[in-house]
Amino acid sequence: MRPRPRVVVIGAGFGGLNATRALADGPFDITVIDRDNYHGFWPLLYQVATAGLAAEDIAHPVRGLFGDRPNIHVRLATVSGVDLENRQVRIDGDESLPYDYLILATGSSTSDYGIPGVDEHSFPLKTLPDALRLRNHILLTFERADANPELIDDGTLTFVLAGGGPTGVEMAGALSELIGRNLAKDFPHLDVTRARILVVEMADHLLGGFAPVSQANAYRGLERKGVEIRLGATIAKVAADSVTLTDGTVIPTRTVVWTAGVRASPLVDTIGSPQGKGGRLEINRDLTVPGHPEVFVIGDLGGLTDRHGDPLPQMAQVAIQGGRHAARNIRRYQAGKATRPFHYRSHGLMATIGRRSAVAELPLGIKLNGTPGWLAWLLVHLIFLIGFRNRAVVLVNWGWNYVSWDRASRVILTDDSSTPPPSYGRER
């Protein structure tokens with residue numbers, strides 16, 4: 001009997017899961033490898049960081065998704081490299097796993113752009129541990145300021161968000177609501193109006209890639225929430241107690257949230273194939289690595305461009321569609337048919353500023369803002385959450401928050417805010 005083709009999927013994010021699902025009923029033996037045992041819904045990480053949701057609300061165990069599939073094996077392991085010539089994946093240092101087809105879907109990691117102090121003194125927001133660490137830190141800063149209000153003058157309650165993309169905008173809006181609606185009641189003897197939230201963006205607008213009208217609506221929405229916005233500003237240095245801009249401005253702060261840049265996962269550096277901007281692999285239109293038609297690259301790792309020559313956005317829909325397309329091409333290749341090029345179909349762009357305030361750009365040129373945009377944002381995020389339980393819990397939490405303004409996850413789980421943020425070599 002001819003052996004079944006072995007497919008190895010590295011990464012259980014949006015792309016990896018969709019590729020695995022699309023191959024699950026085929027004549028393949030599939031191994032899914034991830035360094036975490038859960039799939040995380042990263043678009044809602046900022047809500048964990050601002051106490052709107054608990055960590056487990058946006059995570060689902062990977063084994064729970066494929067437990068009824070005997071041809072799918074899930075491995076909790078760290079991939080240290082890929083040997084393209086011998087078709088082997090190195091895991092946990094010395095173990096090698098052979099493959100007939102390989103799907104690389106490890107996502108992106110944070111890039112510090114070489115700016116001094118970012119790695120040591122800022123908080124990334126790419127993983128659940130990052131979000132919990134940031135939540136602990138935010139709550140602890142208020143505890144310390146409540147014990148000694150003089151610390152406010154040293155920037156203890158100043159929060160700098162580096163980057164005005166969707167994550168920076170959504171984080172700023174949620175943090176404003178957390179402080180103004182929840183922490184103001186939790187700390188009645190502390191003047192929380194002295195807290196500052198600053199978004200620092202090097203471009204002359206927020207939400208790069210959005211239409212000007214959406215960018216303007218986001219700007220006004222954050223301004224109404226008391227968020228300070230510095231456009232055309234670039235961070236030159238981050239220290240333990242301040243941020244220095246390239247124009248010489250020094251902002252005292254103990255909290256810098258780094259959402260300004262990403263690069264392809266460090267795994268791509270071990271592949272040995274040419275890389276483009278942001279470390280993304282140069283790949284063929286059918287998502288394969290040049291010279292290796294059995295290796296597919298999806299999501300943030302791939303350097304494909306759209307019809308205008310612009311890189312595809314590093315967002316969930318690109319990974320989802322890429323994962324499904326890679327699976328279809330593997331089936332075609334296995335059947336002796338020619339593979340087909342990948343064409344990304346944009347489902348739109350969205351960002352929420354807070355309660356009943358969001359911008360949404362949908363297909364057919366439809367643009368929404370305010371309450372309609374917010375409702376569209378809620379619906380889309382609920383649809384793409386993995387697992388019925390997660391959808392139900394998140395819906396209940398959002399409903400309770402809307403009625404009461406209560407962000408129930410204001411819990412400090414461990415005091416680790418005095419330790420430096422982790423290294424940026426995290427895959428997501």
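What pLDDT does the protein chain average, and what share of the residues score at least 70? The structure before us is a predicted model. Its chain averages a pLDDT of 93, and 96% of the residues score at least 70. Over residues 417-428, however, the pLDDT is below 50, although this stretch has 47 contacts in the model beyond near neighbours in sequence. Where pLDDT is low, predicted coordinates should not be read in detail.

I turn next to the salt bridges. A search of the whole structure finds 13 of them. One joins K225 to E177, with the closest N and O atoms 2.8 Å apart. K225 sits in the loop between helix 7 and strand 14, whereas E177 belongs to helix 6, so this pair ties together parts that are 48 residues apart in sequence. K225 is partly exposed at 24% relative accessibility, while E177 is buried at 8%.

E177 also meets R407 in a salt bridge of 3.4 Å, N to O. That pair links helix 6 with the segment after helix 10, 230 residues apart. R407 is likewise buried, with a relative accessible area of 8%. A further salt bridge connects R410 and D406 at 2.8 Å. Through shared partners, E177, K225 and R407 form one network.

Consider now S108, in strand 10. S108 is buried, since its relative accessible area of 1% falls under 20%. Its side chain makes polar contacts with the side chains of K126, at 2.9 Å, and D300, at 3.0 Å.

Finally, the surface. L379, I383 and F384 make a nonpolar patch of about 280 Å². L379, found in helix 9, counts as exposed at 53% relative accessibility.

Key: Residues are numbered from 1 along each chain as its sequence is written. This is a predicted model: local features need pLDDT of at least 70, side-chain atom pairs count only at pLDDT 80 or more; totals for chains, interfaces and linings use all residues. Side-chain values use heavy atoms; hydrogens and water are left out. Patches are made of residues with over 30% relative accessible area and no salt bridge: like charges are joined within 9 Å, nonpolar side chains (Val, Leu, Ile, Met, Phe, Trp, Tyr) within 5 Å. Accessible areas come from the Shrake-Rupley method with a 1.4 Å probe; for residues, only the protein chains shown count as cover. A salt bridge is a side-chain nitrogen of Lys or Arg within 4 Å of a carboxyl oxygen of Asp or Glu. Helices (H or I, at least four residues) and strands (E, at least two) are DSSP runs, numbered from the N terminus. Buried means under 20% relative accessible area, exposed over 50%, partly exposed in between (1.4 Å probe, protein chains only). A polar contact is a pair of N or O atoms within 3.5 Å; within protein, one must be able to donate a hydrogen and the other to accept it, and residues adjacent in sequence count only if both atoms are side-chain atoms. pLDDT is the predictor's confidence in each residue, from 0 to 100. Contact means heavy atoms within 4.5 Å.
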